[in-house]
Amino acid sequence: MAGVQVTPAAVGVAGLRGSGVGSTTGLFAGDWRRKARRPACSVWALRRQQRRSSSRSKGGGLAIVCNLAGQYEDSFDDVQRQLMNYFTYKAVRTVLTQLYELNPPSYRWFYNFVAVNKPTDGKHFLRALSKERQELAERVMITRLHLYGKWIKKYDHANTYEKISDENLTLMRERLMETVIWPTDDTNTEKIG
């Protein structure tokens, strides 16, 4: 049950407040002595879960309060959103470079617009840009689509999987080397007879 937050069904929110765990978090399986850094669930969710668990069973066993993010069943909408935002950012940089070379007055205006409206949230950025200058917004959108098309043709999923696997292995190896206690020369030198 790693990655699932659990709390005893018999313990209410008030019981959690006195336990030293934190006012809005339950107990993590295996980490009951450590204080939580930040709440994973709201008090409202804990109270709702407490009502459900008390009405279903009076057994006092463990009840799942909430699942933490990163479960395999989750969609990858956040990854898709990040990719779209990144390609919007790349398209803005590309259009800025083109305008710098071909149309300095438009470059200055667009540069100031980008300084005020950060392109980190692509959807909101493009909405604001289309209200100010529709032709620049269309240019950024077309450039974004073109850059994505180029990337998808060159992207190698197997290579990325291999890089992630190798990096995980390297990090685990480094951590293992940090935790091993190596014998010193003093422990191996015994005087014989």
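Which helix gives the most to the lining of the second largest pocket? In this predicted model, the answer is H7, with 4 residues. Helix H7 runs over 157-179, and helix H3, over 77-102, also supplies at least two residues of that lining.

Let's look into the pocket itself. The space in the second largest pocket comes to about 230 Å³. Around it you'll find Phe 76, Val 79, Gln 80, Leu 83, Trp 151, Tyr 155, His 157, Thr 160, Tyr 161 and Ile 164. Sort that lining by class and you get 7 nonpolar residues, 3 polar ones and no charged ones.

Now follow H3 to its packing with helix H6, residues 134-154. The two axes sit 8 Å apart, at an angle of about 115 degrees, and the crossing is right-handed. On the H3 side, the residues making the contact include Leu 83, Phe 87, Ala 91, Thr 94, Val 95 and Leu 99; H6 brings, among others, Leu 136, Val 140, Thr 143, Leu 147 and Trp 151. By class, the H3 and H6 contact has 12 nonpolar, 4 polar and 3 charged residues.

One of the H6 residues is worth a stop: Thr 143. Is Thr 143 buried or exposed? Its relative accessible area is 12%, so Thr 143 counts as buried, the cut-off being under 20%.

Methods
Residues are numbered from 1 along each chain as its sequence is written. This is a predicted model: local features need pLDDT of at least 70, side-chain atom pairs count only at pLDDT 80 or more; totals for chains, interfaces and linings use all residues. Side-chain values use heavy atoms; hydrogens and water are left out. On a 1 Å grid over the protein atoms alone, a cavity is a set of points where a 1.4 Å probe fits but cannot get out, and a pocket is an open set with protein on both sides within 12 Å along at least five of seven lines; lining residues have an atom within 4 Å of a point. Grid points are joined across faces, edges and corners, and a volume is the space filled by probe spheres set on the points. Ala, Val, Leu, Ile, Met, Phe, Trp, Tyr, Cys and Pro count as nonpolar, Asp, Glu, Lys and Arg as charged, and the others, Gly among them, as polar. Axes are lines fitted to C-alpha atoms, for helices over the stretch in contact, and angles run from 0 to 180 degrees between N-to-C directions. A crossing is left-handed if the near helix is turned anticlockwise from the far one by less than a right angle, and right-handed if clockwise. Contact means heavy atoms within 4.5 Å. Buried means under 20% relative accessible area, exposed over 50%, partly exposed in between (1.4 Å probe, protein chains only).
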